Amino acid sequence: MNRRQAVAAIAGLGLTGGSLWVTQNGLPDMNSQGNERLPIRVETLDARGSTAGEAVVPTPDTVTVVDLFATWCAPCDDQLEILNAVQPDYDEVSFISVTNERPSETLTRADIAEWWNRNDGAWTVGLDPGSELLAALGAGGLPYVTITDEDGTIEFGHSGLAGEKTLRDQLDSLV
């Protein structure tokens, strides 16, 4: 391993450790943030159901399900499976999944897209490397699912796995 590879590996460990800490402890003063920081623009990736570019979160004038995930987060795989079961029944609802992982030499945009495709993601997938969306939603851990109404007001937020019935009940009350 050369010096550049070693520095990249150490930096990757720092990001992983920092992401793990945020997952376990949340970001400071997150609950005081919320809607005043929404909407947030995120970079989107070229992957199944998604195109490279940008998206506004939440989607303007649309009930929006926002899924915060990380590729290293095993429960995030399970949450995506649950969302895959729910999404086809809600054509009028916007779904977007976003990771706060930072693309680098050790985790590229292609790696994130590959994870997305492997887990059968079928809607917009984006990047939030500065954790602005994570903070604005008040996410205390991953996975984290929030649902906003058409005005962008957070109506539901859940840290950990959000079950299919819970998501359907929340969506049914908004659409």
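Trainee: What is the relative accessibility of R48, and how does R48 count on that scale?

Mentor: At 37% relative accessibility, R48 counts as partly exposed. The general idea is that a residue is called buried under 20% relative accessible area, exposed over 50%, and partly exposed in between, calculated with a 1.4 Å probe on protein chains only. Please keep in mind that this is a predicted model, in which local features need pLDDT of at least 70 and side-chain atom pairs count only at pLDDT 80 or more, while totals for chains, interfaces and linings use all residues. Residues are numbered from 1 along each chain as its sequence is written, and side-chain values use heavy atoms, with hydrogens and water left out.

Trainee: With which residue does the side chain of R48 meet in a salt bridge?

Mentor: A salt bridge is a side-chain nitrogen of Lys or Arg within 4 Å of a carboxyl oxygen of Asp or Glu, and by this rule the count comes to seven salt bridges. One of them joins R48 to D120, with 3.9 Å from N to O. R48 lies in the loop between β1 (40-44) and β2 (53-57), and D120 in the loop between α3 (109-118) and β5 (124-127), so this pair ties together parts that are 72 residues apart in sequence. The names of these elements follow DSSP runs numbered from the N terminus, helices being H or I with at least four residues and strands being E with at least two. D120 is partly exposed, with a relative accessible area of 47%.

Trainee: Which salt bridge does E164 form, and how far apart are the closest N and O atoms?

Mentor: E164 forms a salt bridge with R168, and their closest N and O atoms are 3.0 Å apart. Both residues lie in helix α5 (residues 164-174), four residues apart, which is about one turn of the helix. E164 is partly exposed at 34% relative accessibility, whereas R168, at 19%, counts as buried. In helix α5 there is also the pair K165 and D169, again four residues apart, about one turn of the helix, and in their salt bridge the closest N and O atoms are 2.8 Å apart. K165 counts as exposed at 60% relative accessibility, while D169, at 39%, is partly exposed. Salt bridges that share partners also join D89, E164 and R168 into one network.

Trainee: In which sense do β3 and β4 pair, and over how many bridges?

Mentor: Two strands are said to pair if DSSP finds at least two bridges between them. β3 and β4 pair in the parallel sense over six bridges, and V65 has F95 in β4 as its bridge partner. β3 also pairs with strand β6 (residues 144-148), here in the antiparallel sense and over five bridges, with V66 standing opposite T146. Six of the six residues of β3 (residues 64-69) are buried: T64, V66 and L68 point one way from the strand, and V65, D67 and F69 point the other way.

Trainee: Which elements make a β-α-β unit with β3, and what is its handedness?

Mentor: A crossover is right-handed if, with the strands pointing away from the viewer, the path from the first strand over the helix to the second runs clockwise. β3, α2 and β4 make a right-handed unit of this kind. Strand β4 (residues 94-99) also pairs with β5 in the parallel sense over four bridges, and the chain crosses from β4 through α3 to β5 in a β-α-β crossover that is right-handed.

Trainee: How many residues has the largest nonpolar core, and which have the most contacts inside it?

Mentor: A nonpolar core is a set of buried Ala, Val, Leu, Ile, Met, Phe, Trp, Tyr and Cys residues joined through side-chain atoms within 4.5 Å. The largest one here has 45 residues, and V42, V65, L68, F95, L133, L167 and L171 have the most contacts inside it. Helix α2 (residues 74-86) gives the most to this core, with five residues.

Trainee: Which aromatic pair does F95 form with W123, and at what distance and angle?

Mentor: A pair of aromatic rings is described by the distance of the centres and the angle of the planes. Rings of Phe, Tyr and Trp (its six-membered ring) pair if their centres lie within 6.5 Å, and planes under 30 degrees apart count as stacked, over 60 as edge-to-face and the rest as tilted. By this rule the count comes to four aromatic pairs. The pair of F95 and W123 is tilted, at 5.5 Å centre to centre and 50° between the planes. This pair links distant parts of the chain, with F95 in strand β4 and W123 in the loop between α3 and β5, 28 residues apart. Both F95 and W123 are buried.
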